[in-house]
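Dear colleague,

I am handing over a structure that may be new to you, and I would be glad if you looked it over before reading on. My notes on what was found follow below it.

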Amino acid sequence: MQHGINEAEKNRNKFMKKPTGIVERMKAAASLDEALKLTKEAEGYESMSSKTERKFLRIKKRKIKE
């Protein structure tokens, strides 16, 4: 019985995407346009921790320099 449960969980993990946060998506942004879209999305968030906001802004500055 346990074997079937383990197999089902392996398959579920294999096919399901893990959610990515705004910081990870900003790191993965390939162009300046994508970075600007993510910035507008982040401005729409009602509550964002200060730590996340600082990380996001630091990565945004780095992307703009590139």
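A place to begin is the side chain of K63, a polar atom of which lies 2.7 Å from the backbone oxygen of A29. Please keep in mind throughout that this is a predicted model, and that the values given here are computed from it. K63 has its place in helix α4, which takes in residues 50-65, and with a relative accessibility of 16% this lysine counts as buried, because the cut-off for that class is under 20%. If its neighbours within four places in sequence are left aside, K63 is in contact with M26, K27, A29 and A35.

As for the chain as a whole, there are four helices and zero strands, and the pattern read along the sequence is α-α-α-α. The chain has 66 residues, of which 17% count as buried, and it exposes about 5900 Å², with carbon and sulfur atoms supplying 53% of that area.

A35, already named as a contact of K63, leads on to helix α3, whose buried residues are A35, L38, T39 and A42. These cover an arc of only 105° around the axis, and therefore they lie on the same side of α3. On the other side of that helix, D33, K37 and K40 are exposed. What covers the buried residues of α3? The cover includes α2, residues 22-28, together with α4. The length of α3 can be checked as well: its 12 residues, 32-43, should span 16 Å at 1.5 Å a residue, and the end C-alpha atoms are 17 Å apart, which agrees.

Finally, there is the matter of charged pairs, where the count comes to one salt bridge. It is formed by the side chains of R25 and E41, which meet at 2.8 Å, N to O. Because R25 lies in helix α2 and E41 in helix α3, the pair ties together parts that are 16 residues apart in sequence.

Technical notes. Residues numbered from 1 in each chain as written. Predicted model: local features only at pLDDT ≥ 70, side-chain atom pairs only at ≥ 80, totals over all residues. Heavy atoms only, no water. Helix = DSSP H or I, 4+ residues; strand = E, 2+ residues; numbered from the N terminus. Buried < 20%, exposed > 50% of the residue type's maximum accessible area, 1.4 Å probe, protein only. Areas by Shrake-Rupley, 256 points an atom, 1.4 Å probe, with all protein chains shown as cover. Polar contact = N/O pair within 3.5 Å; in protein donor to acceptor, adjacent residues only side chain to side chain. Contact = heavy atoms within 4.5 Å. Expected span 1.5 Å × (residues − 1). Arc of directions from axis to C-beta. Salt bridge = Lys/Arg side-chain N within 4 Å of Asp/Glu carboxyl O.
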